[in-house]
Amino acid sequence: QVQLVESGGELVQPGGSLRLSCTASVISISTATMDWYRQAPGKQRDLVARMFSDGTTNYLDSVKGRFTISRDNAKNTVYLQMIDLKPEDTAVYLCHGAWGVGAYRRDYWGQGTQVTVSS
């Protein structure tokens, strides 16, 4: 059974940094499009960062220059490095992976990790 397991979320002060990790089991991330989403209470789920299998990346405008998505295929893990964190970054951060296209596409989600930015 494919699983995505996130870790690294915690309480951090404004201006602080965190690195989130998402490790996949059973399936290799090397061919996947890997994403980080976030969802705050009462708000929609937003795509924060995306990395395609070729290494191309996209970011939510509000995190550009502060967040960096990366992957280590050998460790089957995708990361989200976050710096200069702001209270508005507080949310549950979820890892998502998409494999294949069309009728062969498969999507998997992690359970989420809580990031709280507060003094």
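Colleague: Which residue is the bridge partner of Ala98 in β10?

Modeller: Asp107 is the bridge partner of Ala98 in β10. This is a predicted model, where local features need pLDDT of at least 70 and side-chain atom pairs count only at pLDDT 80 or more, while totals for chains, interfaces and linings use all residues. Residues are numbered from 1 along each chain as its sequence is written, and side-chain values use heavy atoms, with hydrogens and water left out.

Colleague: How many bridges join β9 to β10?

Modeller: Four bridges join β9, residues 91-99, to β10, and the two run antiparallel. Strands here are DSSP runs of E, at least two residues long, numbered from the N terminus, and two of them pair if DSSP finds at least two bridges between them.

Colleague: And what do β9 and β10 form?

Modeller: A hairpin, with six residues between the strands. Gly100 in the turn has a positive phi of about 80°.

Colleague: Aromatics next. How many aromatic pairs are there?

Modeller: The count comes to two. Rings of Phe, Tyr and Trp (its six-membered ring) pair if their centres lie within 6.5 Å; planes under 30 degrees apart are stacked, over 60 edge-to-face, the rest tilted. Tyr37 and Trp109 form a tilted pair, 5.0 Å centre to centre with 55° between the planes. Tyr37 is in strand β4 (33-39) and Trp109 in β10 (106-109), 72 residues apart, so the pair links distant parts of the chain.

Colleague: Is Tyr37 buried or exposed?

Modeller: Tyr37 is buried, because its relative accessibility is 15% and the cut-off for buried is under 20% (exposed is over 50%, partly exposed in between; 1.4 Å probe, protein chains only). Trp109 is partly exposed at 38%.

Colleague: Why is the pair of Trp99 and Tyr108 edge-to-face?

Modeller: Because the planes of Trp99 and Tyr108 are at 70°, with the ring centres 5.7 Å apart. Trp99 is buried at 6%, whereas Tyr108 is partly exposed at 26%.

Colleague: What sits over the ring of Trp109?

Modeller: The charged end of Arg45, 4.7 Å from the ring centre. The rule asks for NZ of Lys or CZ of Arg within 6 Å of the centre and within 35 degrees of the ring normal.

Colleague: Different topic. What order does the open sheet of four strands have?

Modeller: The order is β1-β3-β8-β7, with antiparallel pairing. β1 (3-7) and β7 (67-72) are at the edges with a single partner strand each, so one side of each has no neighbour in the sheet.

Colleague: Over how many bridges do β3 and β8 pair?

Modeller: Six, between residues 18-25 of β3 and 77-82 of β8. Leu20 stands opposite Leu80 in β8.
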